[in-house]
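Hi everyone, thanks for coming. Today I'd like to walk you through one model, and I'll keep it short. Please have a look at it first.

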Amino acid sequence: MSVGLSGPAAAGEAGGTAAAAAVATRSLLQQNSTGSGNPQIIAGGALDEELTQLWVLQCGFLVFFMQCGFALLEAGSIRHKNTRNILLKNVIDACVSSLAWWAVGYAFAMGRCGNSGFIGYHYFFSANSPDTGAFWAFWFFGWAFSATSSTIVSGALAERAQFRAYLIYTCFISSFIYPVVAHWLWSESGWLSPKRIPDCNVRAYQPLFAGTMGTMDFAGSGVVHMVGGGAALVGAIMLGPRLGRFNEDGTLVQFSNASPANMALGTFILWLGWYGFNAGSTQCFFGCMPVAARVAVNTTLSAGASGLTCLLLTVLNGSPGDIGPLLNGILAGAVSITANCALVQAYAAVIIGAIGACVYTAAAWLLRKLRIDDPVDAAPVHFFCGAWGLLAVGFFATETSTQQAYTYARDWGVLYGGSGKQLGMQVLGIVCIAAWTCTLSLLLFGVLRLCKCLRVDKETEQQGLDITQGIGSGVRGCCLTGLPCFRA
């Protein structure tokens, strides 16, 4: 079905036409880069390459800064007696994922043109990798995404998971589960990738499935958030609820949050980081700023609309307005727009965010009914809203925006005249990502539980992981054995 536009919407389409012209200009400049003119200022020239590397690095820094947001949000959402433990796990996550990405993660995720459609197999431990600024900039950007995916899990397993279990599953997600999905959708040889290049000499995009764009996930609703959220969901199920979380009749027992201030600050930091996450996924500078600008606006609108919708749903459900639903609503909207942020118009971003709030609210309610305890609602926010974000591409992606984001367009959203094949590809991507992530996570957490390495014992959980695991109180600092102790 084609959607007619008038007024502001028509003006938006006019802007899209101008942006498409910018893409055409960039393509023309690339073709003529060896001709006359100053090669320093045209696309593909030295200056363009340097600016692209700078852009990717700066956005990567913002994505990494999201680790601070996750740490504050999770520490504020749980109880005081476990705050240091969850902060320790968040910091360890960044360290473990960096080595895992360097050792095998990047090789599995990207590799190089001509690799298998299932998994990459070049540049293990960065061996024989190109020693260029472009390679290292994109390596860093990819690692920041990998670390984000793995750290999503920690909040869902908070207050009851063993530390060694956290180390094991963080390493496994960063080094294998996430990289394989990233290879499928984002590499030059991935079987679901819109940027698949079957002939490395021709260097032309050709998705595996004719008449489609592959599975379009511009910035990672599926690759990052569904992977992290799926692992979080399975982990929460395998761990079981926290002691005292549910009454015998299944009603939920509310636990006090350690710090609503940290929750709010963490969410604002995550919102800021999302601009690097989404806008940085343009991965180019010259001629790409129109896309980046629209991405930033769509991210803002979706997050805002989702936060307000989630708060409204909470009030309509008879509960008092509270900061928790508002904050999670903002995150749900940000996750929902991530896959389609470059492919939709502004009004569609508002709709996608509002629907994302409904998806989050319904998923959180369902998990509570099933007595699945997710302290920070990681699975409803990241897994379910990530799936919705991928699906929304099949409805709302426009031909103009798809052309601008990927430099070609073979199909787009059904609401704008698409054939429906792209919607089918988005569903295929959702099914494959969910099956891969949840199956491997089930095997991993199942083995950990069989080995009695997954959950702490009852006494440890009741006392709190900070004290029982020897890292002090979550409220006050403590001194290490053998060191002088200074107390106020």
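Predicted model: local features only at pLDDT ≥ 70, side-chain atom pairs only at ≥ 80, totals over all residues.

Residues are numbered from 1 along each chain as its sequence is written, and side-chain values use heavy atoms, with hydrogens and water left out.

So, how many disulfides does the count come to? With a disulfide taken as a pair of cysteine sulfur atoms within 2.5 Å, the count is 2.

Let's take Cys113 and Cys200, whose sulfur atoms lie 2.1 Å apart. This pair links distant parts of the chain, 87 residues apart: Cys113 sits in the loop between α3 (83–109) and α4 (133–156), and Cys200 in the loop between α5 (163–186) and α6 (221–239). Helices here are DSSP runs (H or I, at least four residues), numbered from the N terminus. The link is left-handed, with -105° about the S-S bond. On accessibility, buried means under 20% relative accessible area, exposed over 50%, and partly exposed in between, using a 1.4 Å probe and protein chains only. Cys113 is buried at 17%, whereas Cys200 is partly exposed at 31%.

The other bond joins Cys284 to Cys288, with 1.7 Å from S to S. Its torsion about the S-S bond is about -90°, so this disulfide is left-handed. Cys284 and Cys288 are both buried.

Cys358 is partly exposed, with a relative accessible area of 38%. Cys451 is in no disulfide either, and its nearest cysteine sulfur, in Cys453, is 5.2 Å away.

Now to the second largest pocket, with a volume of about 1,200 Å³. A pocket is an open set of points on a 1 Å grid where a 1.4 Å probe fits, with protein on both sides within 12 Å along at least five of seven lines; lining residues have an atom within 4 Å of a point. Volume is the space filled by probe spheres set on the points, which are joined across faces, edges and corners. Of the 44 lining residues, the closest to the centre are Leu252, Gln254, Pro325, Arg368 and Asp377. The largest share of the lining, 7 residues, comes from α10.

Key
Helix = DSSP H or I, 4+ residues; strand = E, 2+ residues; numbered from the N terminus.
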